[in-house]
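Please read it with the structure open.

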Amino acid sequence: MYSEKVMEHFSNPRNVGEIKDADGVGEVGNPVCGDMMAFYIKVENDRLVDVKFKTFGCVAAISVSSMVSEMAKGKTLQEAKLITNESVAEALDGLPKEKVHCSNLGAEALSKAIEDYERRYGKMQSA
C-alpha cells in the first residue's frame, strides 16, 4: 500500500519538534480524517535555515510532514513556495489515492508558516 520511502519517513521522521522562537508558524487540519499539522520555520536572509513540524495523524500525514520539512530546509522562501502537494507525493514515490489529501496538508502548512513570517516581518512577496 505505501512505498518504501513513505515507510522510511514514517519510521524515522526528520525534523520533528517545535522551534520555540520560530519566525513563522503554520497550522492546518482536516476534520474529516483528523490529521493535524503544525510547521515552524526559522528564516535568515530569506532562506529557511530550520524547519520543524508536529503532526498528529496517519502514516501518510507523518511521512508527508517529514518529506516537506526535508524539501524546504535550506531553500529560499521563493523556492519553498514552489513545493506542491504533487511534488511531495512524487518525492515519496506516490501515495495511495485515498491518502493524497495528506500531501495537500503538508504543503499548505508550510505555505501558512511562510505567510505568517511575511506578515510578521512585512515581507509580502508574490509566489
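The points below go from the whole chain to one residue.

1. This is a predicted model, in which local features need pLDDT of at least 70, side-chain atom pairs count only at pLDDT 80 or more, and totals for chains, interfaces and linings use all residues. Residues are numbered from 1 along each chain as its sequence is written, and side-chain values use heavy atoms, with hydrogens and water left out.

2. The protein chain has five helices and three strands. Their order along the sequence is α-β-β-β-α-α-α-α. Helices (H or I, at least four residues) and strands (E, at least two) are DSSP runs, numbered from the N terminus.

3. The C-alpha trace spans about 45 × 25 × 25 Å along its principal axes. Of the 127 residues in the protein chain, 46% are buried (under 20% relative accessible area, 1.4 Å probe, protein chains only).

4. Now V43. This residue lies in strand β2, residues 36-44. V43 is buried, its relative accessible area being 10%.

5. Which residues does V43 contact, leaving aside its neighbours within four places in sequence? The partners are D23, L48, V49, L77 and Y117.

6. V43 and G57 are 14 residues apart in sequence. In space, C-alpha to C-alpha, V43 and G57 are 27 Å apart.

How values were computed. Buried means under 20% relative accessible area, exposed over 50%, partly exposed in between (1.4 Å probe, protein chains only). Contact means heavy atoms within 4.5 Å.
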